[in-house]
Amino acid sequence: MNIAIVGAGITGISTALEFARDGHQVTVYEQMNAAAEDASFAPGGWLSPLAAQSLAAPGAGMPLKSLRSGASLLQAPGMLGSANWRWMRQWKKNEKLAHKQGNQPFCTALHTLGSYSASLRWQNCEDTEMAAEHKAGSLVLLRTPQEVAFWNTQLASLQTLGVTCQLLNATQAQALEPGLGQEIAWLNALHFPDSESINPRLWAHYLRMQAQAIGAIFRTGISVQKICTQPTGLEISGQLHPFDAIVLCTGAKHQLTESLGLRLPLMSIWGYSVTAPVRDALQAPRAAIMDWAQQATISRMGQRIRITAGLEMGSHASARHHNHTLQRMYRLLNDWFPGGAHLSSPQVQVWRGNRSYLPDGLPAVGPSGHPNVWLNIAHGSHGISLAAGCARAIADMVQRQTPAIDMQAFSPQRF
Ligand SMILES: Cc1cc2nc3c(=O)[nH]c(=O)nc-3n(C[C@H](O)[C@H](O)[C@H](O)COP(=O)(O)OP(=O)(O)OC[C@H]3O[C@@H](n4cnc5c(N)ncnc54)[C@H](O)[C@@H]3O)c2cc1C
C-alpha cells in the first residue's frame, strides 16, 4: 500500500516504522522543519508506570484541582470556554465511574497498551543507552501519610495487573538514588524496578533513522491543509496527493481532525520541562524519580537532568511562561538533588509543550469514520510510553489484521 502519515512526532515516526517494516511505501509529512520538534521535543522520558504520570487517567489519583490559586498545579492563564468546562465535567464523571467500578478501567486499559508497547519498544535495538539514554527503574516519592495511604490502595490493583512495585523506606530508596537530598521531608518511595526512562527526542530520531533505512520518506516543512476522502488523499499547497490510506498522528494540532468533522472532545494541556547539565554526578539522579505531590518527574538523560511539571489549560502557543511553575521546578530539582544540576549554566533549556487529552485519558487509535483515514492521536501524558504499541496496532488495523491486544477501549468511535 501507499501510506501517508501526517505528523513526525514520536507517534508518526513509530507508525511509519511499523508500516515500513511490513513492506509498505510510506511518506511522512511534517509541517516543522525537522521531526520531533513539537510535543516530542523535550517531554519527560518517563515510560511507566502509566498510572503515576500527571493527569494519567480519571481515577488515577491526580484530580483536576482548583484553578484559582497561582500556586496550584493546574493553571488556566486565560478565560476557560464552555468546551473546557464541558471537558472537565466529562473527566470528573469518568473519575466517579472509575471509583465506582473499583478496578479503575481506564488505568487497566492504559496498562495493557503500555505493557504491549514496552514489549515491542526495544526490538532490533542493541544499545538502548546509545539510542535513547535509557535508564531502568524509577521511584515515586511520597511525602505525606495520605499519599502513602492512597498508594497502598493502588498497589494492590497494580500488582493484580502484574506490575512489580515495592514500598521502600527512605534508607532503601536512598541506596538506589544516593543523590537524594535532605531538604524535602518525605516518608516512603515506591520502587518500580521494571519501569524505564529515556530521552524522547533522541529515541524519536533513532526510530526515524531506522524507518528511513528501510525506505520511509520524511517530507519536513510541509503543512497538510486538508484530508480528501473521495478519492483518499492529502491536499498540499492546493494539490491533491493520492494515497491508499492516511494515518493522522498530529498530536495536539486539531485542525485536520476538526476539518474532517470529527467530534472528539480533545483538550490541550500544556506543561514544562527544564533540562540542565549534570554538575556533580554523585549528586545527580541515576535514573528517574517522581515527586507525587508536585506531579513532577526528574530523570537522568546522559550528562543532563530533566525535570517536567505543570498543567495549563485553555492556553495557547504564544502565552507567556508561567513563572511560578518554572520557579517551582528549579526549586524542586535543587531540593531533591542538591548540587546535582548546573542550574545557572547557559545550557539550561526551558521548554513548554502541549499534550492532547480525551476525557477518559485514553488515546484514539483506529478508524476515523471516513474510509481509509485513520487516527493515532490523543496520547495525553503517555505518548512516548504508548508509541510502539499504538503504532503496531494501527498498522495491523489498516492491513485488516487483528491487533495482538484488544483495542476496543481506544476506538475513536467511543465518542
Ligand atoms: C511537559 C510534558 C511532559 C511529558 N512527559 C511525558 C512522559 O514522561 N512520558 C510520556 O510517555 N509522555 C510524556 N508527555 C507526552 C508526550 O510528549 C506526547 O504524548 C507525545 O510527544 C505526543 O507525540 P505525537 O507524535 O503524538 O505528537 P507531536 O510530537 O506533537 O507530533 C505531532 C506532529 O504533527 C505535526 N502536524 C500536525 N498537524 C500537521 C499538518 N497539518 N501538517 C503537517 N504536520 C502536522 C506537528 O507539527 C507535530 O510535529 C509529556 C508531554 C509534556 C508536554
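1. A cavity here is a set of grid points where a 1.4 Å probe fits but cannot get out, and its lining residues are those with an atom within 4 Å of a point. The model is a predicted one, and by this rule it holds two cavities of 30 Å³ or more.

2. The largest cavity has a volume of about 140 Å³, and among its 13 lining residues Ser14, Leu120, Arg121, Leu207 and Ala388 lie nearest its centre. H1, H3, H7 and H10 each contribute at least two residues to this lining, which comprises seven nonpolar, three polar and three charged residues.

3. The largest nonpolar core has 58 residues, of which Ile5, Trp203 and Val247 touch the most other members. The elements that each supply at least two of its residues include strand E1 (2-6), helix H1 (10-21), helix H7 (200-213) and strand E11 (245-248), and H10 gives the most, with ten residues.

4. Trp203 deserves a separate comment: leaving aside residues up to four places away in sequence, Trp203 touches Ile10, Arg121, Trp122, Cys125, Ala131, Ala132 and Ile198. A second, separate core of 27 residues includes Ala173, Leu180, Ile289 and Trp336.

Notes: Residues are numbered from 1 along each chain as its sequence is written. This is a predicted model: local features need pLDDT of at least 70, side-chain atom pairs count only at pLDDT 80 or more; totals for chains, interfaces and linings use all residues. Side-chain values use heavy atoms; hydrogens and water are left out. A nonpolar core is a set of buried Ala, Val, Leu, Ile, Met, Phe, Trp, Tyr and Cys residues joined through side-chain atoms within 4.5 Å. Buried means under 20% relative accessible area, exposed over 50%, partly exposed in between (1.4 Å probe, protein chains only). Helices (H or I, at least four residues) and strands (E, at least two) are DSSP runs, numbered from the N terminus. Contact means heavy atoms within 4.5 Å. On a 1 Å grid over the protein atoms alone, a cavity is a set of points where a 1.4 Å probe fits but cannot get out, and a pocket is an open set with protein on both sides within 12 Å along at least five of seven lines; lining residues have an atom within 4 Å of a point. Grid points are joined across faces, edges and corners, and a volume is the space filled by probe spheres set on the points. Ala, Val, Leu, Ile, Met, Phe, Trp, Tyr, Cys and Pro count as nonpolar, Asp, Glu, Lys and Arg as charged, and the others, Gly among them, as polar.
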